[in-house]
Amino acid sequence: MATTIRPTRRAILRGYLALPHDAPILIVLTATAAFSFVARRGWPGAGDLVCLLGAMLGGQLEVGAVNELVDADLDAVAKPAKPIAAGLVSRRGAWTVAIV
């Protein structure tokens, strides 16, 4: 009889944090902030900047989750440590991140 080892809550949390690809998020948010300064020819205003960066963050979270979903079968073979392949994030959980 095979036993299944369930991941810890900490491992699951790390899986969800790894799901959206942190490096691209940082690059996109940095570029967005920089371009907002260029577009406004100076300080864009805190409210506008927060709204813009929030929208971009939401989009990047969705893109990362969908990317993981699309690549899940390939990752199961080539990159088994990825969050879905490793069983840290379910497909349903990744879809929830993508939709919300």
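This is a predicted model: local features need pLDDT of at least 70, side-chain atom pairs count only at pLDDT 80 or more; totals for chains, interfaces and linings use all residues.
**Entry 1: Gln60**

I started with Gln60, which I found in helix α3. Is Gln60 buried or exposed? I looked up its relative accessible area and got 16%. Buried means under 20%, so Gln60 counts as buried.

Next I wanted to know which residues Gln60 is in contact with, leaving aside neighbours within four places in sequence. I noted Pro20, Pro24, Ile25 and Val28.

**Entry 2: the core**

Then I turned to the largest nonpolar core and asked which residues it has. I wrote down 8 of them: Leu19, Ala65, Leu69, Ala72, Ile84, Val89, Ala94 and Ala98. Two elements give two or more residues to this core, namely α3 (46–78) and α4 (91–99). Helix α3 gives the most, with 3 residues.

Not counting residues up to four places away in sequence, Leu69 touches Ile84, Arg91, Ala94 and Trp95.

**Entry 3: Trp95 and the surface**

I found Trp95 in helix α4. Its relative accessible area is 45%. That value lies between the 20% and 50% cut-offs, so Trp95 is partly exposed.

Where does Trp95 show up on the surface? I found it in a nonpolar patch together with Ile99 and Val100. I noted about 410 Å² of accessible area for these residues together.

How values were computed. Residues are numbered from 1 along each chain as its sequence is written. Side-chain values use heavy atoms; hydrogens and water are left out. A nonpolar core is a set of buried Ala, Val, Leu, Ile, Met, Phe, Trp, Tyr and Cys residues joined through side-chain atoms within 4.5 Å. Buried means under 20% relative accessible area, exposed over 50%, partly exposed in between (1.4 Å probe, protein chains only). Helices (H or I, at least four residues) and strands (E, at least two) are DSSP runs, numbered from the N terminus. Contact means heavy atoms within 4.5 Å. Patches are made of residues with over 30% relative accessible area and no salt bridge: like charges are joined within 9 Å, nonpolar side chains (Val, Leu, Ile, Met, Phe, Trp, Tyr) within 5 Å. Accessible areas come from the Shrake-Rupley method with a 1.4 Å probe; for residues, only the protein chains shown count as cover. A salt bridge is a side-chain nitrogen of Lys or Arg within 4 Å of a carboxyl oxygen of Asp or Glu.
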